[in-house]
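Subject: Structure for you to look at

Hello,

Here is the structure I promised you. Please open it first, then read my notes below with it on screen.

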Amino acid sequence: MTTILGGRPEGLTSLSLGDDEFDTRARLVVVGNGMAGARFVEEVLERGGGEQFRITVFGDEPHGNYNRIMLSPVLAGESHEDEIVLNSHDWYDDNGIHLRAGVRVERADTAAKVVYGSDGSATPYDHLVLATGSYSFIPPMTGIRTGDGGLLPGVYGFRTIDETRAMLAATDSCERAVVMGGGLLGLEAARALQGHGLQVELVHAMPWLMNAQLDAEAGAILKKSVESLGITVHLGAMAGEVLGTEHVEGVLLKDGRRLDCDLLVVAAGVRPHSDVAVRSGLEVERAVIVDDQLRTDDPDIYAIGECAQHRGSVYGLVAPAWEHAKVLADVLTGTDPGAEYHGSRTATKLKVAGVDVAVMGVSTPERDDDEFLVISEPRRGVHLSVVIREDKLVGATLLGDTRKVAYLTQAFDRGTPLPEERIRLLVDLSDGAEEVGVAEMPADSQVCNCNGVSKGDICGAVADGCGSVGAVMDRTRAGKGCGSCKSLVKQIVEWAADGEVTEDASASWYVPGIPMAKPELMAAIREQDLRSVSSVFAALAPGGKDDAKSKMGLTSLLRMIWGSEYEQENDAKFINDRVHGNIQRDGTFSVVPQIKGGVTTPAQLRKIADVAEKYEVPMVKITGGQRIDLLGVRKEDLPDMWNDLGMPSGYAYGKSFRTVKTCVGSDFCRFGLGDSTQLGIDLETRFQGIESPAKMKLAVVGCPRNCAEAYVKDIGVVAIGNGKWEVYVGGAAGATIRKGDLLATVDSPEAVIELSGRFMQYYRENANWLERTYDFVPRIGLEKIKQVLLEDSEGICADLDAGMQRSIDAYTDPWGQDAAEPATPGQFRTSLPLVDLPKVPVR
Amino acid sequence: MTAPHLETARPTTPGTELGTPATDVPANTVAAGPGVEHAVGRLEEIAMGEGRAFVAGGVQVAVFRLRDGSLHATQAACPHAGGPLADGQTDVDVLVCPLHLYAYAWSDGSSTSGAAPIRLFPVREQDGTLLVTV
């Protein structure tokens, strides 16, 4: 018995209740369970069609639905057949679809609205969808069929999994194969069989390979590449007779040559499967004729995929079939009753016999004034050409080098302007003009042609938290068709994730050394009363093993959870947090005293000047955060400097609340609408030194002129008059530029402080380690954050306020504390005793 | 380091050359061969889990006291960009430089992030005294 691909374990049966007379849903019958039919059913379900329709799917093959495009890798032994299953029998069952696998539909009675199956069944329908696809064309040749009409043993088409399985089995015993047909399928079959060690000869009736897609020159180059694999190619050769009586022994060409073989693959093209339509009396030319809504001449019968002929075109690619499926699902479910299909501009990118090929539009000039540019490098196996009509790209063929395919596809799809120097379409001239990389691609440019997935869709999935290529592919289906775009998908995911792509589950962990997501980790820490980083490792890390790169994040988390009850371990802190300064390139530190809201005094300035001179500070600099930075300070000098300054730390080194920039507000500015300066000082006073998943930079401005850049801060506050203040969150003006989202407009400085604290605590409790608010806010979603913080939808606002208060209560100025008594022995000893610091420039 | 804006700057720290980056710090000048054991300091001078720098026979070394009780000694400056390794963070497997987070294995000094390896020195404790062989 043949194994059913995507089948169910033996003995497992499901009860089918048949037609329930009380079921008022319309009967939707789909004939064909291939790439088009099954996708159509998926699209219908996605639109909620399971509620509207009782769906029955007839499949000629006994299997579930599998990816026919991937049969070549299966034949080549590169993929296992289980990998190409798209929908198993269970899937149909789970979705309430009646799958009649292995039943061929003979015809439809369009008057009675019934389809008749090969098993003698009669199935009534309200809507009938034909998705019967194509079949392998077997040319009429003497000896190719046995007396009963079947193929001579050893002769195979290459269309189904069963044929693929039979060929795979035959590779063990066969030595010589002849492949008829030098198109895509033939080439794939030839390469796959050759990979199994068979001696392969390819017979193609036309004067060059892939004549449907390539011009003669490109075809000639492809021939060389194929021959270099060890495959013999016969062009312009017609096979006239198949030799052998019990089993194939060879083929006889019309020119008299005899090619011996024990395996013959016929890949001489496909023909639309339209006999059901013909027997049902529907209008059929090359295929079943449909209108822009995929409707045949019978108003309740539709045809999609390779069996459909739309505006004279019959497609043999999966992308148009899937577009058909979408449009028809829109129409039938009523999601968009006016949806129309207007034809496909087909651009294909594939790997044939190991050679990269991309083809779009026409392959050769057709009009007198068409421009035609060709770059041909037969030695390298590269052939590139473009056809331009009226300043628009109307065709391109790339063979052996498809680096420009993204750029050309855009130009082809959208008719974007072309470079004056046409050669730039095909090669990058070395004047610094970069090839279109993933960064430059517009968000709406299509990456996966099979599934119609754009760069924007991929970026969106990454933004939604898909942290690995696999997760993005699962979410968007990009790369799940032919797979040729996988490397591009990967590049875009990496670009969108800013290099932070992970391949495994550790993406969801808070820190790499402990296999837990943040909520789980926080719960475990509370439950087991773990108050030091070493105790967290001992209790929760695999094997109790510590991890250097996890310590900083855990220290931050423990301080947030326990406040003053956290058990300090200095070795678990980054050096900046051990000595409360930002380490510089030579091992010296920077000292930034707190200057709340950027407001200082002559006395403070005098003190800072004295200290800078006394300790020979190499550079004194005004920072971007409206403070003064003393740079290049020796570690040993830190405690004395702090004592001399008599000012608290400005936390310019930590993953913590940093500073609040302000403008001069209503006291001085003639435009000021609110006292932004005082509010900034009050915010900084309340939230000074609060540790967080990543740094938090704030600003308050007295009017929407935004002089202190509040719109691009982690929290930005803007006075808008009448005592009202806008609170923006998730802004950024660093490596990422993002305008903050308006969280709320409140009517007092106290309300600003309360809401800011609540937002910061929500961020502290829910953000991943090193996740800035500009990532956090879009990840959670502004609406959700509003509900939680403004409407208390989760009933946690009181807890958030209390958590923040606990951290505020635990605040101590680290400079005052450690200058009085070092936290550890040798806390401020030099770490480069033989080096005279500073080594940074002194000015 | 000949940026024009630095030309008018005047060193205020004696002996400091203008614009010398930490990468110009001389690398290890330790001769190969069997070393000499030097007493560099006391165990209690190193906080648990941290590192401290010492001078052993004219060579600056960083000595680490891990929470599992083990001791390790390495060259003091990171081979990548001269970072002070004694300020780095550790676990049972690696030492991480504070400047660019290059990590080095305790087992053989090799970098897990593609930098040149660091030199390891034998270190032990006797009656509370740290002994480093250079």
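The buried residues of helix 21 of chain A pack against strand 34 (657-662), helix 20 (665-668), strand 35 (696-701), strand 36 (715-721) and helix 22 (749-766) of chain A. Helices (H or I, at least four residues) and strands (E, at least two) are DSSP runs, numbered from the N terminus. Two residues are in contact if their C-beta atoms, placed from the backbone, lie within 7 Å.

This is a predicted model: local features need pLDDT of at least 70, side-chain atom pairs count only at pLDDT 80 or more, and totals for chains, interfaces and linings use all residues. Residues are numbered from 1 along each chain as its sequence is written, while chains are lettered from A and ligands numbered from 1 in the order in which they are written.

Which residues of helix 21 of chain A are buried? They are Ser676(A), Thr677(A), Leu679(A), Gly680(A), Leu683(A), Glu684(A) and Phe687(A). A residue is buried if 20 or more other C-beta atoms lie within 10 Å of its own, exposed if 12 or fewer, and partly exposed in between; these C-beta atoms are also placed from the backbone. Seen down the axis of helix 21 of chain A, the buried residues fall within an arc of 165°, so they line one face of the helix. The arc is that of the directions from the helix axis to the C-beta atoms. An α-helix has 3.6 residues a turn, so residues three or four places apart point the same way.

The length of helix 21 (residues 676-687) of chain A fits too. At 1.5 Å a residue, its 12 residues should span 16 Å, and the end C-alpha atoms are 16 Å apart, which agrees. The expected span is 1.5 Å times one less than the number of residues. Just after helix 21 of chain A, Gly689(A) takes a positive phi of about 75°.

**Two sheets in chain A**

One open sheet has five strands in the order 23-24-27-26-25 (chain A), with antiparallel pairing. Two strands pair if DSSP finds at least two bridges between them. Strand 23 (347-352) and strand 25 (371-377) of chain A are the edge strands, and each pairs on one side only. Strand 23 and strand 24 (residues 355-361) of chain A pair over six bridges, in the antiparallel sense. Ala347(A) stands opposite Met360(A) in strand 24 of chain A.

The other open sheet has four strands in the order 30-31-33-32 (chain A), again with antiparallel pairing. Strand 30 (582-583) and strand 32 (619-622) of chain A stand at its edges with a single partner strand each, so one side of each is left without a neighbour in the sheet. Val591(A) stands opposite Leu630(A) in strand 33 of chain A.

**A loop residue**

Is Ile423(A) buried or exposed? With 12 C-beta neighbours inside 10 Å, Ile423(A) counts as exposed. Ile423(A) is found in the loop between helix 10 (405-414) and strand 28 (446-448) of chain A. The C-alpha atoms of Ile423(A) and Leu373(A) are separated by 7.5 Å, though the two residues are 50 residues apart along the chain.

**Chain B and the contact**

Chain B has zero helices and 10 strands. Of its 134 residues, 37% count as buried. The contact takes 41 residues from chain B and 33 residues from chain A. On the side of chain B that touches chain A, the largest share, three residues, comes from strand 2 of chain B.

Best wishes
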